[in-house]
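User: I would like to learn how to read a few features of a protein model. Please take them one at a time.

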Amino acid sequence: MKKRLMLFTSLLLTFTLVLAGCSGGKTDDKKAAGDNKTLTVSVEEIYKPYVESIKDKFEKDNDVKVKIVTKQMFDQLEAIPLDGPAGKAPDVTLGAYDRVGGLAQQGHLAEVKSLSSDDFSDKEKSLVTSEGKQYGVPAVIETIVMYYNKDLIKEAPKTFAELEKLATDKKFDFASESGTNTAFLAKWTDFYYSYGLLAGNGGYVFGKDGTDVNDIGLNNAGAVKGVEYAKEWYKKWPKGMLDNKSAGDFVTKQFTEGKTAVVIDGPWQAATYKKAKVNYGVTSIAKLPGDKDYSPFAGGKAWIATSYSKNPDLAQKWLAYAGNADNAFKFYEDTNEIPANETARDKAAKTNDELTNAVIDQFQTSTPTPTIPEMSEVWTGVENLMFDAVSGKKEPQASADAAVKVIKTNISEKYESK
């Protein structure tokens with residue numbers, strides 16, 4: 001019964017995906033008819049075996065050939081604006097959610113007019129939505145989680161109060177700097193990591209839905225409270241934690257060498273910890289003071305079709321095919337990346353993989369990363385906010401006010417239409 005339901009939802013998704021702009025004009029008519037029976041799929045080398053494993057059925061069902069191009073994802077996304085007009089862009093590729101909005105608004109992505117499958121919740125759909133339109137099929141979800149060393153502590157801390165207590169343990173004192181401690185570390189000068197701290201206290205980026213550039217909540221009382229809390233931790237940490245370029249490596253080094261009990265990091269770090277033979281556990285992030293949830297960004301990747309596809313209908317069919325429950329779960333089996341497809345994700349959860357379930361649990365309290373182009377002005381702005389505040393260069397409120405002012409100025413100067 002469940003298989004039938006999965007098949008039905010997959011077919012429903014296939015038939016409801018309609019390419020924007022496939023009507024009107026001789027050029028579009030030619031595209032709709034399909035003047036090339038080869039579908040070009042661009043993915044990173046690590047995903048090539050997955051595409052090879054599913055392409056035969058697609059080729060047979062649609063009487064086409066799938067050509068696989070291997071290229072780094074961000075290189076591919078940056079190349080589309082130039083390669084597209086030159087006729088060299090792929091039909092479909094994988095794209096990070098936070099790049100979808102910018103490419104879509106610049107006209108480089110094909111719209112998916114109706115992503116109505118029950119396999120995706122509003123949160124997943126929002127990750128591929130720009131100005132009310134959808135530009136892809138969600139492929140995987142991603143968010144940061146909490147790792148702990150089982151050889152150093154028996155159980156994962158459930159609250160930040162427990163982490164504060166852990167930081168008083170002398171065995172975690174940092175030998176090179178008197179008075180500092182590395183029991184718990186998090187790269188909070190990087191906004192991707194610190195957003196959960198600010199948002200958990202009431203901060204936000206662009207309004208309720210992440211689309212209102214005139215509503216920046218990064219200097220409100222909640223956000224400042226989060227920054228003030230981070231400042232207390234930086235008083236405990238070695239000075240190297242202030243260097244945003246090297247802090248990540250410092251955190252990894254301390255954890256893999258058994259000098260740190262708990263860290264906040266992404267699921268991609270699991271391979272490094274495993275290689276270093278750390279006896280680690282992984283779970284959702286501890287509760288913030290006041291019993292508040294840490295609310296990090298929700299990220300990941302989507303299958304997207306370029307607006308330059310010579311076979312737009314086929315491109316849309318690929319999005320539906322690669323994103324259906326069966327293929328989404330196979331993607332998980334091949335890569336260990338968590339499916340955005342909810343049916344596939346439920347199946348992945350039943351494997352009882354600790355990292356998988358940690359990401360799924362944390363995703364519940366996560367906030368979709370804004371997909372609008374103006375988001376690119378926020379990352380550096382908040383990096384400066386956090387550094388100025390936690391280093392003591394400015395008071396948290398003054399630092400937040402200054403950062404928001406710079407972000408607003410940059411947006412007004414670079415995005416005149418807003």
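Analyst: Accessible areas come from the Shrake-Rupley method with a 1.4 Å probe, and for residues only the protein chains shown count as cover. Here the protein chain exposes about 18900 Å², of which carbon and sulfur atoms supply 49%. This is a predicted model, in which local features need pLDDT of at least 70 and side-chain atom pairs count only at pLDDT 80 or more, while totals for chains, interfaces and linings use all residues. Residues are numbered from 1 along each chain as its sequence is written, and side-chain values use heavy atoms, with hydrogens and water left out.

User: What percentage of the residues of the protein chain count as buried?

Analyst: Buried means under 20% relative accessible area, exposed over 50%, and partly exposed in between (1.4 Å probe, protein chains only). Of the 418 residues in the protein chain, 54% are buried.

User: How do I read an aromatic pair?

Analyst: A pair of aromatic rings is described by the distance of the centres and the angle of the planes. Rings of Phe, Tyr and Trp (its six-membered ring) pair if their centres lie within 6.5 Å; planes under 30 degrees apart are stacked, over 60 edge-to-face, and the rest tilted. The structure holds 30 aromatic pairs. In one of them, Phe160 and Tyr294 have ring centres 6.3 Å apart and planes at 5°, so this pair is stacked. Phe160 belongs to helix H7 (residues 160-166) and Tyr294 to the loop between strand E10 (280-283) and strand E11 (297-305), so the pair ties together parts 134 residues apart in sequence. Both Phe160 and Tyr294 are buried. Helices (H or I, at least four residues) and strands (E, at least two) are DSSP runs, numbered from the N terminus.

User: Is the pair of Trp318 and Tyr321 stacked or tilted?

Analyst: Trp318 and Tyr321 form a tilted pair, 5.8 Å centre to centre with 50° between the planes. They are three residues apart in helix H12 (residues 312-323), so about one helical turn separates them.

User: And how do I read a sheet?

Analyst: Strands of a sheet pair through backbone hydrogen bonds, either parallel or antiparallel. Two strands pair if DSSP finds at least two bridges between them. Four strands here form an open sheet with mixed pairing, in the order E8-E9-E7-E10. Strand E8 (184-186) and E10 stand at the edges with a single partner strand each, so one side of each has no neighbour in the sheet. Strand E7 (residues 145-149) and E10 run antiparallel and are joined by four bridges. Tyr147 stands opposite Val282 in E10.
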